[in-house]
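Reader: Hi! Could you walk me through this one?
Author: Happy to; here it is.

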Amino acid sequence: MIAIRRAVAGEWRDARAIRLRALADAPGAFATTLAREEAVPDDGWVERVTTAAWFLAWHGDRVVGVAVGIGDPDEVDARHLVGMWVEPAHRGDGTAGRLVDAVVGWARDDGAAALALWVVDGNDRARRFYDRLGFHPTGQRGPLPSDPTVLESRMRRTLTPDGS
Ligand SMILES: CC(C)(COP(=O)(O)OP(=O)(O)OC[C@H]1O[C@@H](n2cnc3c(N)ncnc32)[C@H](O)[C@@H]1OP(=O)(O)O)[C@@H](O)C(=O)NCCC(=O)NCCS
């Protein structure tokens, strides 16, 4: 059974480990690189885990997925979903959707009116996944910071206080 929990400061090693696994598995899906993340010092990870909302999916004592909520750089009233990754063995089993639900709940509790994200053009699985969860393309596109030859698109889901 999978349990989704927000990481606490003492779980920074778990957060780092799954983030590095994600970047090794899907280097083209993220705005940063494995080398850059490997260079972050331990206290940088503690700070990350305590300043952003890191949700980890636990299967027993193993972390099998991650999603992170942060402030949205474009919209004051929105929050932003980053770092979304589920290990291949748990794709298609609902773990990823539950991680997004956790970030949506966090954003809503924080008073946000929307949750936004960027997805790389051509990442059709992720794109379809976000479509299904009610995210819509905003029409904004831009270069992926870690590889400016690739474009990414912004998607956004409006949040309502009643949970719809
Ligand atoms: C993105 C990710 C979190 C989604 O989780 P998931 O468990 O794979 O998602 P789901 O299986 O629930 O949904 C994927 C959808 O894409 C479909 N799909 C599967 N492979 C596909 C492909 N190659 N092309 C298009 N659609 C595809 C699935 O059928 C499903 O659609 P459906 O629900 O209508 O049947 C996961 O695939 C992942 O970790 N990918 C690598 C990292 C990544 O890309 N992160 C996103 C960064 S923005």
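Author: One term before we start: contact means heavy atoms within 4.5 Å. This is a predicted model, where local features need pLDDT of at least 70 and side-chain atom pairs count only at pLDDT 80 or more, while totals for chains, interfaces and linings use all residues. Residues are numbered from 1 along each chain as its sequence is written, and side-chain values use heavy atoms, with hydrogens and water left out.

Reader: Thanks! Which residues does histidine 80 touch?
Author: Leaving out residues up to four places away in sequence, histidine 80 touches Val68, Gly69, Ile70, Gly71, Asp72, Pro73, Leu115, Ala116, Leu117 and Trp118.

Reader: And where does histidine 80 lie?
Author: Histidine 80 lies in strand β4, which spans residues 78–86. Helices (H or I, at least four residues) and strands (E, at least two) are DSSP runs, numbered from the N terminus.

Reader: Is histidine 80 buried or exposed?
Author: Histidine 80 counts as buried, because its relative accessibility is 5%. Buried means under 20% relative accessible area, exposed over 50%, and partly exposed in between (1.4 Å probe, protein chains only).

Reader: How many residues of strand β4 are buried?
Author: In β4, 8 of its 9 residues are buried.

Reader: What does the side chain of histidine 80 make a polar contact with?
Author: With the side chain of aspartate 72, at 2.6 Å. A polar contact is a pair of N or O atoms within 3.5 Å; within protein, one must be able to donate a hydrogen and the other to accept it, and residues adjacent in sequence count only if both atoms are side-chain atoms.

Reader: Nice. On to pairing: in what sense do β3 and β4 pair?
Author: Strand β3 (residues 62–71) and β4 pair in the antiparallel sense over 6 bridges. Two strands pair if DSSP finds at least two bridges between them. Histidine 80 in β4 is the bridge partner of isoleucine 70, and β3 and β4 form a hairpin with 6 residues between them.

Reader: How many bridges join β4 to β5?
Author: There are 3 bridges between β4 and strand β5 (residues 114–120), and these two run parallel. Arginine 79 has leucine 115 in β5 as its bridge partner.

Reader: Which helix makes a β-α-β unit with β4 and β5?
Author: Helix α4 (residues 95–109), and the unit is right-handed. A crossover is right-handed if, with the strands pointing away from the viewer, the path from the first strand over the helix to the second runs clockwise.

Reader: Changing topic: how many salt bridges does the structure hold?
Author: The structure holds 14 salt bridges. A salt bridge is a side-chain nitrogen of Lys or Arg within 4 Å of a carboxyl oxygen of Asp or Glu.

Reader: Which side chain meets arginine 91 in a salt bridge?
Author: The side chain of aspartate 25, at 2.8 Å from N to O. The pair links distant parts of the chain, 66 residues apart: arginine 91 is in the loop between β4 and α4, and aspartate 25 in helix α1 (residues 12–25).

Reader: What about arginine 62, which side chain meets it in a salt bridge?
Author: That of glutamate 87, again listed at 2.8 Å, N to O. Arginine 62 is in strand β3 and glutamate 87 in the loop between β4 and α4, 25 residues apart.

Reader: Is glutamate 87 buried or exposed?
Author: Glutamate 87 counts as buried because its relative accessibility is 6%, whereas arginine 62 counts as partly exposed at 37%.
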